[in-house]
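Here is a short report on one protein model. It covers the spaces inside the fold, the core and the confidence of the prediction.

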Amino acid sequence: MAVLSLLQRIYCVKAWVEKTMERIIPETLAKSCASGTLLCQLVNKVRPNSIAVFHQNSTSVTQCVHNVNAFNNIARHFFGFTDDDCLLPMAIFNGSDVQKLLASLTKFAESSKTQGLTPTGIEVPTEYPIFTEEETAEARRILCLPQDASRMVPECPTSPMPPLPPPAVNHRPVHHPVFPTDMDGEHSVIAPPPAQEAVSSACAPAEKRVAGPDECLIPLVGKIIKKADVVPAVLWSATIVLLAILNAVH
C-alpha cells in the first residue's frame, strides 16, 4: 500500500506540473527537477519574471545549487514557504529526497491556487494509470524497500540446528599401577597405600622408660632369699638395712 500511495502521489504532482507548464515531461519528476531548471521555469510560469537569471539545462552541482536557491527565495517571499518547506540543493541534485520534493511542490501548487495564479491545484483523478515496473522500482527505492518483496521476510533455515555439546565435567581419574600379569594370567592391581596417620602411628618407636631404685632392689633381695636354705642373722640384718634405705628414698 505504501508503494501504491507514493506512486499515486507522484502521478498527481507531476500531472499538475505538466498542466501548469503546458507540456509533457518525459522523465520522472525527480530527474526532471535534478538540475533545478524546471523549478525556475515553473515559478516564472506561475508568476512571470520572478527569476530573471537561472541556468538552462545545468549539469554541474554549482548551477543546480544556484537554481534551487533561486526557487527557495521566491517561494519564501511570495508563496509562504518556511525553512522546513525549502528544498535542499544537494538532495534535489542527487534525487535522494523525493518525498520532500513532493511536499514542497504540493504547497507551491496550493499557494498558487489560493492566490489565483493557477486555476486549479493538485487534483486527485478518478482513475490512475497502470504503473510500470520502472516506476514501481523507483518508488521502492524512495521508500528504502527491497526490490523483491519476497525478500522482506527472511527465510527460515531448512536444516535443523546442530545439538549443543554436553557440558564439560572435570573428572580427575585415579590411576593405579598395574602389573603386566600375575600367575593366573590376570592383571594385578597394587592397593593404594594406607593413610599417612596410620602408618606414622604404627611405625613410631616405643618410648623408653627408666626403672626406679625400688623396682631394681626388691627383685634382687627376693632372689637371695629363695636361694638360701637357712636364713642367717646376717641376711636378716641386710634385709632390714635395704628396706630402711628404700623407705628413706621414698
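## The enclosed cavity

The largest cavity has a volume of about 40 Å³. A cavity here is a set of points, on a 1 Å grid over the protein atoms alone, where a 1.4 Å probe fits but cannot get out. Grid points are joined across faces, edges and corners, and a volume is the space filled by probe spheres set on the points. The count comes to one cavity of 30 Å³ or more.

Its lining consists of Ala 30, Ala 91, Ile 92, Gly 95, Asp 97, Val 98 and Leu 101. Lining residues have an atom within 4 Å of a point. α5 (89-94) and α6 are the elements that give two or more residues to this lining. Helices are DSSP runs (H or I, at least four residues), numbered from the N terminus. By class, the cavity lining has five nonpolar residues, one polar and one charged. Ala, Val, Leu, Ile, Met, Phe, Trp, Tyr, Cys and Pro count as nonpolar; Asp, Glu, Lys and Arg count as charged; the others, Gly among them, count as polar.

## Model and confidence

This is a predicted model: local features need pLDDT of at least 70, side-chain atom pairs count only at pLDDT 80 or more, and totals for chains, interfaces and linings use all residues. Residues are numbered from 1 along each chain as its sequence is written, and side-chain values use heavy atoms, with hydrogens and water left out.

The chain averages a pLDDT (the predictor's confidence in each residue, from 0 to 100) of 77. At least 70 is the score for 62% of the residues. Residues 149-159 have pLDDT below 50, and this stretch has four contacts in the model beyond near neighbours in sequence. Contact means heavy atoms within 4.5 Å. Residues 198-203 are also below 50, with one contact beyond near neighbours in sequence. Where pLDDT is low, the predicted coordinates should not be read in detail.

## The nonpolar core

The largest nonpolar core has 42 residues. Such a core is a set of buried Ala, Val, Leu, Ile, Met, Phe, Trp, Tyr and Cys residues joined through side-chain atoms within 4.5 Å. Buried means under 20% relative accessible area (1.4 Å probe, protein chains only). Leu 39, Leu 101, Leu 105 and Phe 108 touch the most other members. Among the helices that each supply at least two core residues are α1 (2-21), α4 (61-78) and α6 (98-114). α1 gives the most, with nine residues.

Leu 105 touches Val 13, Val 17, Leu 29, Leu 39, Leu 42 and Ile 122, not counting residues up to four places away in sequence. Ser 104 lies in helix α6. Ser 104 is buried, with a relative accessible area of 2%. Beyond its neighbours within four places in sequence, Ser 104 contacts Phe 81, Asp 85 and Leu 87.

## The open pockets

A pocket is an open set of grid points with protein on both sides within 12 Å along at least five of seven lines. The largest pocket holds about 390 Å³ of space. Its lining has 20 residues, and Ile 10, Lys 14, Thr 28, Leu 29 and Glu 135 lie nearest the centre. α1 provides the largest share, six residues. The lining divides into 13 nonpolar, one polar and six charged residues.

The second largest pocket holds about 210 Å³. Of its 13 lining residues, Arg 23, Glu 27, Ser 32, Leu 38 and Asn 57 lie nearest the centre. α3 gives the most to this lining, with three residues.

Key. Buried means under 20% relative accessible area, exposed over 50%, partly exposed in between (1.4 Å probe, protein chains only).
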